[in-house]
Every structure is written in structure tokens, then in C-alpha cells.
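Here is a briefing on one structure with its sequence. Please look at both before reading on.

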Amino acid sequence: MDFDGEIGGAILLTLQLATVTTLLLLLVGIPLGWWLARTKSRAKEVVGTLVALPLVLPPTVLGFYLLVALGPDGLGGLFGVRTFAFTFEGLVFGSVVFSLPFAVQPIRDAFEAAGERPFEVAATLRASPLDAFLSVGLPLARPGILTGAVLGFAHTVGEFGVVLMIGGNIPGETKVLSIAIFDFVETLRWREAHILSAGMLVFAFAVILTVSVIDRRARRARAGA
Amino acid sequence: MRITRLALLAGLVLAAPLPAFADTASVAVAANFTEAAKEIAAAFAEKTDHEVQLSFGATGALYTQVTQGAPFQVFLAADDERPTLAVKEGYGVEGSVFTYAVGKLALYSASADVTDGEAALKAGSFDKISIANPETAPYGAAAVETMEKLGVYEALKGKVVQGQSIAQAFQFVETGNAELGFVALAQVINAAAGSRWDVPQDLYEPIGQDAVLLKTGADNPAATAFVDFLKTDEAKAIIARYGYGLDAGA
């Protein structure tokens, strides 16, 4: 495929954005999911609610706050670059916030489903908390982590409203797939819009199917264990 | 019990006072004309007892919606192509197209001094310059044309950010996310702060903004009255106050 062209460029950029975002989501999401699943702190519900906020907030609210937060009076000014809006980095930041609940929730569920018992056993065997996390928690939560990664990736690919508000429509930098489709529709280039939209449809189907399969396997494994 | 309540509700709805003989028209308005359109709509409502409901967007976006059956009855575009196209493709009423305003382009900055816009563009000492999407917004196309005429487009290309409409292009400048941007003069003519450069007319093709009565509005008294109202001196005075030209030749 021609990755310099309008369509190829948008696809490549979207994949890059989703990949970087997913890696960061796992980096943040796994410890956060672990903490949310196991802490007895009173802050638990508040933090859980904060993470879940993007599920409910309209993308315009996030986009608006991000525009301000990334701008000259926010992070942009702090780093002396004027603004992070209209940059790939800005989109990554926005995407991580926007997709956080999709990654954290399955991971948290998986850690919760593992229950207390395996960790009590690990503690009895004198495993340090870190050791218990690495050699007991992570393997047990693997299906949840996988689901979180797939959902985080897919949700980033499907992002539109936030990017529309902070992207600035720059080819190769912020003009992702969903924006390209929007542009094609608005300029009556429906052939291109059809191609990309059909591709997204197939992609979305594959993602949801994958998640269901992972989920079923995990349940079967647990029932068998 | 439920029936009674329903009947009561129906009675309340039917009894709600309806303005006598007034109609409502839906008007799709190019984003640059937002403020002027609101003022004209208010004057129109006062004069005729008809109401207009305004929807704003980029001309291209609005036109796509028109072709897909959006319930608009009048279309105020920011160019002179799409209204004609609307007639040709069977959405507009034949003979109803006319130029209601001639758009003026301005370079605007909330923070920097751009009163000598040509020098500012040539110096290029800024990170981001915002324009409207040239594919869907005529003011965006005019901005690109201006930069090309000045011979700075290639150099500035990497600094250009696009708003989906001229409204978003303006918002990017106003929030400081872009230092400067090409906007419609009408958006900044009443600005209290910031600086602007009125782009000389010889740098871009005049932006003839045409209106068209859509077929869905042919039998709507409010729609036809609004189109007529746009041609009155009262409406023209408002349009001129926002910096637009009135003569297509200007």
C-alpha cells in the first residue's frame, strides 16, 4: 500500500497513534488496575470514578479541556513550545486519557477475579509483593490485560471528536483515519469514504470477535482450573 | 388514570399559545456569516413575525447535508459555486441564486502584531498559523491563495493547522494555540483586542457569497420572505457593518 498517499498516510498514522497509545495505556493501566483491584484505600472509588469519566463525558468536553491544557496557559507554555495541540504527542496524550477506562476496566476485573487466595499463598511462600505481582498476578490477569490492550487500541483507532477539536487536520501528524473519512464525506469524495469506512467496519468486527474469544477462553480456563 | 393524564397533557399541548400566522424557516449559514446572520434574523423576526432557525457550519459540510436531505430551506454559502451546484443538481429553486455578501479575508492574531501582515508572513517567526480547511471552506482556499501569491506557502506549509470551519480556525487563534490565522474579517471586525491585517483584494479572488432558496422552502412563506429580506437595505446595512462587500464586482 502507498503510505505516502492520502489514505495510506492516514492509516499509517492511525496505527502509529494506536500503538504508542496502547503501550502507554498498559504502562499506566496495569499498575492502576492492580491498585484498584487490591487496595483498601478510601480513595479507591474516587480514583476509579476519575478513570471512568471519559466513558460518560462528551468528546467535546475532553477536547475543550485538552485544548486549554495543552495550550500556552497549560502544558505547552510550561514546556515553552506554545502548544501541544496539533501535534502527534498531543494526540497521544489525549488518546491515553480518552481510552484509559477501556484499558483499565478489564485489567482491574481480571485482578479482582484472581481473588485473594493466590496472593496469600505467594506471601506464605515468602514472595515479596513485587514478586507476587510479577509471577502470580500478571500471569493470572493475562487475558484481562490482553482484552484491555485490544480495546484500548481499537478505541484509539475509533476516536474522532477529541481529534477533531485538538488535531488541526495536519496530514502525517494529526489527520487520522476518522478525520480523513469525515473530510472525504464533506467534500463528496464518497468513493474514498466508502473504502475507508468498509475497512473500519471489518476492523471493528474483528476486534470485538477477538475480545469475545479471549474472554471465553479465559472463562473456560478458570472453570477448568 | 393513565388515559386521563394523557388527555390532560394533550390538552395542555394544544392549548399552548401559537403565534398567529407565523412560520419558521431553517437556514443553513456558512460559519463566517454567523454574527451577521443572527442580527439579520433578529431584525427579520421583528419585521415579519416569521422566525428563522440558523444552523452554522463550513459551506462544504452544509452542502453535503443538503444533498442528504437536511431540513434546510435556505442556504447561505460562503462561495458562489455550491448554490449554483444546488440548482443544477435539483436541490435549489431555479433563478433564486444571488450574491448576498462579498467576503473579506483578514490575518488576525490575539497576541502578536500583524498589522503588517505581509512582513509577518514573510518573516515566518511563528509556530502555527491557522486556516479553515481549504477543501470545504472558501476562506481557507482564499488563505492558501494569498500565501501562494506572496510566495510563502511552501515555507509555511508545515506550520499550517486547519479548522473544520472558519469558526474553528478563529478559535485556534483566539485561544492562543496558533499565534495567527486567516479568518473572515467579519469575525474580528468588532474585536476589542488583538491585531489584524486586511488582506488586499488583489491577493485572492473575491469571495462571492451566494444564497439560494432550496426546493424544500419554495412553499414556505418564512423562507421566501427571508430571502427577500436579505436584499433589503436594512439587511444590507447589517452585512456592510460586518465588513462585507455588497457588490459582486467589488
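Predicted model: local features only at pLDDT ≥ 70, side-chain atom pairs only at ≥ 80, totals over all residues.

Residues are numbered from 1 along each chain as its sequence is written, while chains are lettered from A and ligands numbered from 1 in the order in which they are written.

**Chain A**

- Chain A has 11 helices and zero strands. Helices here are DSSP runs of H or I with at least four residues, strands are runs of E with at least two, and both are numbered from the N terminus.
- The C-alpha trace of chain A spans about 65 × 40 × 30 Å along its principal axes.
- Of its 225 residues, 39% count as buried. Buried means that 20 or more other C-beta atoms lie within 10 Å of the residue's own, with 12 or fewer for exposed, partly exposed in between, and C-beta atoms placed from the backbone.
- Take the contacts in chain A between residues at least 6 apart in sequence: 73% of them join residues at least 24 apart. Two residues are in contact if their C-beta atoms, placed from the backbone, lie within 7 Å.

**Where chain A meets chain B**

- Chain B puts 15 residues into the contact, and chain A puts in 16 residues.
- On the chain B side, α3 (59–67) and β7 (160–163) each supply at least two residues.
- α3(B) gives the most to that side, with three residues.
- The chain B side divides into three nonpolar, nine polar and three charged residues. Ala, Val, Leu, Ile, Met, Phe, Trp, Tyr, Cys and Pro count as nonpolar, Asp, Glu, Lys and Arg as charged, and the others, Gly among them, as polar.

**Sheet of chain B**

- Five strands of chain B form an open sheet in the order β2-β1-β3-β10-β4, with mixed pairing. Two strands pair if DSSP finds at least two bridges between them.
- β2 (51–57) and β4 (98–103) stand at the edges with a single partner strand each, so one side of each is left without a neighbour in the sheet.
- Neighbouring strands are turned by 20° against each other on average, direction ignored.
- β4(B) and β10 (residues 207–213) of chain B run antiparallel and are joined by five bridges. Gly103(B) has Ile207(B) in β10(B) as its bridge partner.
- Helix α2 (residues 34–48) of chain B lies across β1 (24–30), β2 and β3 (74–76), and runs at about 175° to β2(B). Such angles run from 0 to 180 degrees between N-to-C directions, and axes are lines fitted to C-alpha atoms, for helices over the stretch in contact.

**Domains of chain B**

- Chain B is assigned domain 1 (24–102 + 207–241) and domain 2 (105–198). The bounds come from an automatic or database domain assignment.
- The C-alpha centres of domain 1 and domain 2 of chain B lie 26 Å apart.
- Each of these domains gives 15 residues to their contact.
- On the domain 1 side, α2, β2 and α3 of chain B each supply at least two residues.
- That domain 1 side has eight nonpolar, five polar and two charged residues.

**Nonpolar core**

- The largest nonpolar core has 128 residues, and Val74(B), Phe75(B) and Ile166(B) are among those that touch the most other members. Such a core is a set of buried Ala, Val, Leu, Ile, Met, Phe, Trp, Tyr and Cys residues joined through C-beta atoms within 7 Å.
- Helix α5 (residues 88–114) of chain A gives the most to this core, with 11 residues.
- Domain 1 and domain 2 of chain B both give residues to this core, so it lies between them.
- Leaving out residues up to four places away in sequence, Ile166(B) touches residues including Ala31(B), Tyr139(B) and Val183(B).
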